Each structure stands twice: as C-alpha cells, then as structure tokens.
Amino acid sequence: MSSLRILSSQAADFLEQVESLRSRLHGGGVVSDSNSSKSESPHNVPSLVADILGQVKSEGDEAVVRLVNRLDNAHLTPATLRVSSAEIARAHAEADQEFLALMRRAIRNIREYQQHILVQAPPLLIRGGRSLGVRYTPIDRVAVYVPGGKALYPSTVLMTVVPALVAGVKEVVMFSPPTGGDINPMALALAAELGVDEVYRIGGAVAIAAASYGTESIRKVDKVVGPGNAFVAEAKRQLFGRVGIDSIAGPSEVFIVADDSTDPRWVAADLLAQAEHDPGSAVLATNSEPFARAVASAVEEQLSTLDRHLPIRRSLESYCAALVVPTLSDACDLANQFATEHLQLMTQDDNDCLARIRHAGAIFVGSQTPVPLGDYYAGPSHVLPTGGTAKFFGPLSCNDFRKASSWVAYSAEALAEDMSDVDAFARHEGLSAHAEAATIRSR
C-alpha cells in the first residue's frame, strides 16, 4: 500500500477530506533549523518568542550571547558574535572551487532575472502646470536569515542576497545559527563571493530580535527576509511594523495539476522532492484515477531508494495526497483554493490550465520544468509564500527591497486652478487648517 493517499471526488466526504488536508497545511509548521525543539509544543511558540524578544530588547548583547549559547550549544561572547573578515576570506579560499563555480553560474542566472524584472519609474504625468510621478529607492539596511540545523541551504544565500544587491541595498547583513558551534563554512564562502562582509553567528528568534531592535554591537536593520522555523516566523510576525518582513513562511509545498499524458514516474519524483523537506507538503490533482494510482505506485517504488526515506514517508502520510476530480478545470479550482508555494502544470493543454490559475507563489509549466530548477538555478527567488498566503503575497524579488515615493509638483497657476476644489473638499471634512494651507498661497 502506498504512503500517498488517493481521495476521489466520488466519495461522499471528499470535500471534507480536502478541507481537512488544506486546513492542516495552512496551519503552519516548522522548517528545519537548529533552534527548533521537539519538546517545545507549537502552542508555546508565541509566548516563548515574546520572551526572547523581550530579553534581547532590554539586555542587548548579553541576552543574545546567553540565548545563543543555550539554544545552539555554542560558546560565544559579544566579541565573537560577528564573524571576522579574515574568517570569511578563509572560508572562501578553502571552499570547494568546483561548487563555487556552480554557484557563480546560479548567481549569474538569478542576477539576470532580477535585473529583468526590476521595476522602473514610468514617465512623468504632465497635466498643465502639474507634474506627477513616482520614484523607487532601495532600503538602506537589510538582514537575510539563512537557516542551519539539519541542513544548510546555500541556495537561500543566493536567493535573498542577490535580489537585494540588484535593488541597490547598500548594507546586506547575514544571520545564521552557529550549528555545532559555528556557521557552515559554505554560507561564509558565499557571503564573500557576494560581497557581504557583515555576518553574525545568531539563529532563530534571537537573530530576528537582534536585527530588529539592534544591540550594542549590531545596528538595527530596516527589513528582515529569509525562511526559518516556527520561531523565526513568529518573531517576524511579532516584529512586523518595527521592521519590514517578506512573509510568514511555513513548510515547503507543491500542488501538481497533471493528467495521464504525463509520465507518472516524473510526477512521483516531484511529489517526493517536496516531501523531502520534512515536513513538506505535496498534493496532486488529476482527472484520472488510474493515473493517480500509477503515481502512488511510483511513489512507493522510488521512496525506498531515497536517502531520507523515513522522514519523507512521514510527510507523505501527514501532508500529502492525490485528489481525483472530474476535470482539469476542477483541478485548477483546487489549485487556487490551496494557493501553494509551488504549482506545477503537466497536462495536454498547459496554457489552458495556466489561464485558470490565479494564486500560486511560483508556477512551473510543462513536464520538463521540475521545481528544483526554481529552487536553485533558473533565476526567480525560491523565497515564496506558503500556507495559502499566495492569495495575497508574491515571491521575494528585487522589488521587495525598494519602496516607492509618489511626488507632486504644482505651479502657482495650477494651484490657483485647483484651490477652490481643495478648499471645498477640506472644509467638507471639517479640516479648516487643511483648507487654509492651500488658500493662504493666494492671499
């Protein structure tokens, strides 16, 4: 029996089962990181995070060192929180040169894509003596969070830092947990490769607090981006407003719309790739039950060959399913309801399905476009909205590191023409000072 459940729309409780699955996925979760503890109930996360934030806000470096040493089993002092430039340079010099060459190719692709989508100000709107426009300026100082723990993801460094640099951010600061006592050397090597010279050995909610409040040795930032565990997500939630954030991230996820024109082995491999995140969610929607069964069978065959087969099986049993519906249109409707981080289309008419999709973080069109292309190499950032938030959030990009300022310039003649309308409007709202600020210029 396959670990991938098959839910058919012919079942009387199909909608209830789908909603149960969707609710479970949208309930949040933990992305692997060194600051997560299986002994700590998720229900305690908000209060635990609030306590951490309070300690860092009131005690600064002292609290940061105390918390990092306890949570990460490290031995840091205020003087060693920041990674020295010599350590960063050494990590770069000692890095696997073949892997660095691969990273440079990925960096080139990411930079090219981000430059391509960088929003430019449109021409001025000229209306008589009135000039109206918008300007975009980069954020001054940004923190990127790079998770550690069970695995380091070098791609996260690239997918957060490169868009910030393309946007023109002057100061990019990296935070990463000192797993096993120090930051993974590859993270430091990539920091050097990208010109990031301010790196801190701090993880989890402590890192988000230090970046947001600032301490004696760490200047506060204006925005915090990057994935992390439930503690990182909750810290960003509580500190939003004091700093900008990208989104509140949960477990990685994919929704696949496919029909029997696709090789079921390929779909199975794509489902397993997301389940590998532990936890990771993978949902297939198809109009063919025989195809769903073929995919489930292929999942079981491939699972036994994978290094992380035990955690993958846990994810499959808890967060994954194949949904059988009457038509591909129904499958696309479900995709919009789930509004997942990754969406794959593998059908006889991908363009028709694409036209029906409204909500997805990143869309991968065609059977030759697996999600790992986006994870690592193609160009768009893999920092994406999860847990249904693709209904109102989009992918992290260079444009998230800039902000718009509208501007208006009037001539005296234009003000004279519009003054009576402004005066009437302001007085209608009972704001006579507003009216006077306009009319005084005519007296």
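Modeller: Helices here are DSSP runs of H or I with at least four residues, numbered from the N terminus. The model is a predicted one, and in it D423 lies in helix α16, which covers residues 412-428.

Colleague: Why is D423 called buried?

Modeller: Buried means under 20% relative accessible area, and D423 has 19% relative accessibility, so D423 counts as buried.

Colleague: And what does D423 touch, leaving out residues up to four places away in sequence?

Modeller: On that count, D423 touches A435 and T439, where contact means heavy atoms within 4.5 Å.

Colleague: What makes C353 and C398 buried?

Modeller: The cut-off is again under 20%; C353 is at 2% relative accessibility and so counts as buried, and C398, at 0%, counts as buried as well.

Colleague: What is known about the second largest pocket, and which residues are closest to its centre?

Modeller: The second largest pocket has a volume of about 680 Å³. Of the 34 residues lining it, Y153, S252, H277, D375 and H382 are the closest to its centre.

Colleague: Which element gives the most to that lining?

Modeller: That is α10, with four residues, and the lining as a whole divides into 14 nonpolar, 13 polar and seven charged residues.

Note on methods: Residues are numbered from 1 along each chain as its sequence is written. This is a predicted model: local features need pLDDT of at least 70, side-chain atom pairs count only at pLDDT 80 or more; totals for chains, interfaces and linings use all residues. Side-chain values use heavy atoms; hydrogens and water are left out. Helices (H or I, at least four residues) and strands (E, at least two) are DSSP runs, numbered from the N terminus. Buried means under 20% relative accessible area, exposed over 50%, partly exposed in between (1.4 Å probe, protein chains only). On a 1 Å grid over the protein atoms alone, a cavity is a set of points where a 1.4 Å probe fits but cannot get out, and a pocket is an open set with protein on both sides within 12 Å along at least five of seven lines; lining residues have an atom within 4 Å of a point. Grid points are joined across faces, edges and corners, and a volume is the space filled by probe spheres set on the points. Ala, Val, Leu, Ile, Met, Phe, Trp, Tyr, Cys and Pro count as nonpolar, Asp, Glu, Lys and Arg as charged, and the others, Gly among them, as polar.
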